[in-house]
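I opened the model today to look up a few local features. My notes follow.

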Amino acid sequence: MAILKIARMGHPVLRQTAAPVADPTGPEIRRLVRDMLETMEDAGGTGLAAPQVHVPQRVVIFFVSGRRAAAEDGVRAADVPLTVLINPEIEALTEETALGPEACLSLPGLVGQVPRWTRIRYRGLTLEGQVLEREAEGFHARVVQHECDHLDGIVYPQRMTDLSLLAFTSEIGRLTEEEAAMAAVAGDDEAGTFEDERAESHG
Ligand code: NI
């Protein structure tokens with residue numbers, strides 16, 4: 001196992017379209033996923049995509065705790081178990097989008113309000129080569145959309161419709177009352193981050 005170096009925004013690997021994995025059950029993918037899990041845990045992230053560790057292949061991992069999802073969405077939620085998705089695909093189940101806070105290990109220290117579909121279906125392959133398909137909403141759906149965007153060379157500011165809502169987490173305390181209320185509505189916790197959040201050390 002190894003903790004891998006995380007690419008930061010501007011690195012070409014984060015701008016390219018990642019290649020499909022030919023054999024999800026291969027030993028090199030198993031090794032990659034092991035290292036990604038260790039890297040995500042070390043960084044305190046909720047999710048991680050292979051391009052973020054300089055591997056341009058279509059692999060993402062994430063874990064959404066029910067407590068975290070409840071804090072973001074304001075409704076009770078079960079844990080989404082630690083998930084490995086290979087060659088994932090997303091289908092929107094609604095045209096409705098919602099703004100919510102996102103952070104990214106590739107943009108350390110920043111948080112932005114990003115519009116995402118509120119309900120999706122996603123499918124991909126597991127490390128055993130089996131099809132995994134789920135429906136997701138709210139924070140769970142947001143995490144999956146964020147991670148899968150990395151596979152298409154997209155980081156979250158490219159999805160933002162109002163760049164005035166991109167901020168350093170260290171400045172969040174300076175929000176006006178009105179902005180703080182908006183952030184609270186978005187289901188924000190202190191910094192509103194997810195990949196960056198160390199308070200909840202996701203596995
Ligand atoms: Ni990210």
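I started with S4 and strand S5 (residues 110-117), which pair in the antiparallel sense over six bridges. Strands here are DSSP runs of E, at least two residues long, and helices are runs of H or I, at least four long, both numbered from the N terminus. I took two strands as paired if DSSP finds at least two bridges between them. This is a predicted model, in which local features need pLDDT of at least 70, side-chain atom pairs count only at pLDDT 80 or more, and totals for chains, interfaces and linings use all residues. Residues are numbered from 1 along each chain as its sequence is written.

I looked up one bridge. Gly-100 has Val-114 in S5 as its bridge partner.

Three strands form an open sheet, ordered S4-S5-S8, with antiparallel pairing. S4 and strand S8 (166-168) stand at the edges with a single partner strand each, so one side of each has no neighbour in the sheet. Neighbouring strands of this sheet are turned by 25° against each other on average, direction ignored.

What lies across S4 and S5? I found helix H3 (residues 138-151), running at about 105° to S5. Axes are lines fitted to C-alpha atoms, for helices over the stretch in contact, and angles run from 0 to 180 degrees between N-to-C directions. Contact means that the C-beta atoms of two residues, placed from the backbone, lie within 7 Å.

Then I turned to Leu-93. Leu-93 sits in the loop between strand S3 (80-92) and strand S4 (97-102). The cut-offs are 20 or more other C-beta atoms within 10 Å for buried, 12 or fewer for exposed, and partly exposed in between, with C-beta atoms placed from the backbone. Leaving aside neighbours within four places in sequence, Leu-93 is in contact with Arg-119, Ile-120, Arg-121 and Glu-135. Arg-119 is 26 residues away from Leu-93 in sequence, yet their C-alpha atoms are 5.3 Å apart.

Last, I checked phi values. Most residues other than glycine have a negative phi. His-54 has a positive phi, near 70°. His-54 lies in the loop between strand S1 (47-49) and strand S2 (59-64), and 14 C-beta neighbours inside 10 Å make His-54 partly exposed. Asn-87 also has a positive phi, near 50°. Asn-87 is in strand S3 and counts as partly exposed, with 18 C-beta neighbours inside 10 Å.
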